Amino acid sequence: MDALFTVPDARNEPVRSYAPGSPERASLQTRLAELAGEQIQLTSTIGGEQRMAGGEELPVVQPHKHAHVLGVTANATTADARAAVQAAKDAAPMWRALPYSERAAIFLRAADLLAGPWRDTLNGATMLGQSKTVQQAEIDAACELIDFLRYNVAFGSQLLADQPKSSDGIWNRFDHRPLEGFVLAITPFNFTAIGANLPMAPALMGNTVVWKPSVTQQFAAHFTMRLFEAAGLPPGVINMVTGDGLAVSEVALADPDFAGLHFTGSTPTFQKLWTTIGNNISNYRGYPRIVGETGGKDFIIAHPSANAAAVSTAIIRGAFEYQGQKCSAASRSYLPRSIWNAIKDDLVATTEGLTYGDVADFSNFGGAVIDRRAFDKHAAVFDRVRGASGVDILAGGTVDDSVGFFVRPTLIESTDPTHEIFTTEYFGPIMGVHVFDDADFEKVVKQAENASPYALTGSIFADDRRVVDWAASELRFSAGNFYINDKPTGAVVGQQPFGGARASGTNDKAGSWHNLLRWMSPRTIKETFVPPTDHRYPHMG
Ligand SMILES: NC(=O)c1ccc[n+]([C@@H]2O[C@H](COP(=O)([O-])OP(=O)(O)OC[C@H]3O[C@@H](n4cnc5c(N)ncnc54)[C@H](O)[C@@H]3O)[C@@H](O)[C@H]2O)c1
Ligand SMILES: N[C@@H](CCC=O)C(=O)O
């Protein structure tokens with residue numbers, strides 16, 4: 001076909017309520033029972049072929065019911081990793097030759113399949129495998145992923161339309177090439193949408209990919225791969241390898257054709273991978289693109305002019321939804337004494353009343369933390385801070401792993417704003433609270449500005465407009481996503497492009513054109529219609 005196609009306008013997928021008696025609730029409950037009722041093999045997919053990786057077998061369990069094994073996966077060996085890299089290289093000429101409109105059609109089709117017949121499967125797998133409530137699964141595995149698919153297609157199309165100027169007698173063009181080589185996508189446990197977006201964004205722009213999901217997200221990742229196949233993704237374009245990733249990074253980052261890393265996860269892992277890439281730099285054909293979105297220590301700061309009830313609700317939702325396991329989750333709050341006096345009793349009581357349990361019971365507010373490692377880390381935090389001077393556990397502070405990896409939503413107050421509860425990312429339902437005299441607002445904002453190494457998300461609550469203006473300016477580099485009178489979580493694709501700087505990442509804004517740009521390597525073409533035939537210039541006489 002020969003035409004300049006326009007792609008459909010992107011729109012955000014409406015969030016379904018799953019209210020009692022709704023048809024979507026009944027349908028999801030049926031699928032949840034089916035998914036929980038079978039144990040499946042969580043294979044790698046290399047060159048379109050599903051096969052168990054050759055390394056150690058790993059059970060994938062329900063975090064809120066850890067005796068329940070959903071499936072078994074395995075660590076990829078170096079042989080598996082080499083096969084995945086080779087499959088990506090083999091598929092590259094076919095994939096990059098396919099017009100953008102054809103590649104886009106596959107991902108638009110995936111969006112519509114997910115909005116329709118695949119919705120229950122991805123939502124259900126995310127609930128069971130990652131311990132998300134129905135609300136948290138719906139905004140992630142259905143809506144955010146559908147939005148990534150549709151908005152990336154629209155943004156990619158805008159980028160391709162960008163062409164240079166041409167003066168008389170010549171025609172200048174951009175050939176928006178993919179990178180020369182393959183992209184390695186390494187994804188975290190906490191968002192099914194991020195798991196899918198990281199391989200999909202480079203693939204849309206014509207790259208082929210090796211994708212290494214997190215073991216604890218492998219259940220939903222397995223179905224994501226099936227969704228891409230159902231939408232018509234050719235074999236070898238995205239090659240999913242399972243397990244801890246050690247062999248994958250060892251092989252892929254040493255390969256001369258390694259062209260880019262698309263990573264989301266913790267800061268230490270990203271820094272380790274970046275160091276390996278640096279050490280290998282002279283072995284590569286080109287300079288690999290490195291995109292990484294990493295940790296956070298996200299803040300809520302209130303001014304005495306703030307609406308106290310709004311601050312309290314933002315703390316509950318921002319810190320305790322999905323058990324605090326969003327990179328954007330609020331984990332430190334700075335509250336003037338006047339606001340604190342107004343909200344303290346209710347905030348503590350509400351926190352104590354939040355129900356964490358089996359996510360298949362739709363009445364629960366939350367589930368469990370992701371695994372034993374996270375559970376032990378949180379238990380150790382409580383052991384460390386309990387009884388420390390100037391530190392008070394106001395709510396929660398307890399754990400229970402008898403059935404699932406449960407950590408109670410916790411409020412910890414400290415008089416010392418340099419205490420580890422204000423600087424360290426725990427990635428769980430723990431909120432540090434620092435209460436200050438109303439008159440010290442500016443001093444506290446200046447301290448909070450760089451109290452932690454991260455700069456991902458943060459909120460200011462104030463009704464005084466001069467304060468909003470001052471704080472937004474003072475905190476300009478403390479958060480890549482900054483909120484005024486709202487919680488710092490829940491960024492929506494196309495509306496609040498997401499990412500942070502400092503130790504929080506390269507700030508390439510997932511789901512926006514900024515990110516897609518990193519997976520392109522434009523070639524400039526100049527064509528002269530009537531080339532000169534005499535080398536002499538007029539000044540030569
Ligand atoms: N900024 C963002 O947009 C964003 C979004 C989601 C999560 N996060 C961050 O992610 C972290 C939580 O996710 P996590 O616990 O899955 O992170 P993690 O760093 O433990 O793991 C991330 C991925 O890296 C893999 N990995 C680890 N070491 C590896 C190695 N040597 N070689 C290859 N792969 C390796 C893991 O298996 C996993 O797939 C938090 O720090 C959170 O803030 C950030
Ligand atoms: N869209 C998400 C980003 C999550 C990162 O883990 C949010 O803003 O809550």
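By class, the shell around ligand 1 comprises twelve nonpolar, 15 polar and five charged residues, where Ala, Val, Leu, Ile, Met, Phe, Trp, Tyr, Cys and Pro count as nonpolar, Asp, Glu, Lys and Arg as charged, and the others, Gly among them, as polar. The model is a predicted one, in which local features need pLDDT of at least 70, side-chain atom pairs count only at pLDDT 80 or more, and totals for chains, interfaces and linings use all residues. Residues are numbered from 1 along each chain as its sequence is written, while chains are lettered from A and ligands numbered from 1 in the order in which they are written.

Gly245, Ser249, Gly265, Glu293 and Cys327 come nearest among the 32 residues around ligand 1; a residue is near a molecule if its C-beta atom, placed from the backbone, lies within 6 Å of it. Helix 8 (246–252) and helix 9 (267–279) each contribute at least two residues to this shell, and the largest share, three residues, belongs to helix 8. Helices (H or I, at least four residues) and strands (E, at least two) are DSSP runs, numbered from the N terminus.

Turning to ligand 2, its surroundings consist of Glu144, Asn190, Phe191, Lys326, Cys327, Ser328, Thr489, Gly490, Ala491 and Phe498. Four of these residues are nonpolar, four polar and two charged.

Ser452 sits in the loop between helix 13 (441–449) and strand 19 (454–455). Ser452 is buried because 24 other C-beta atoms lie within 10 Å, the cut-offs being 20 or more for buried, 12 or fewer for exposed, and partly exposed in between, with C-beta atoms placed from the backbone. Arg502 is 50 residues from Ser452 in sequence and 9.8 Å away in space, C-alpha to C-alpha.
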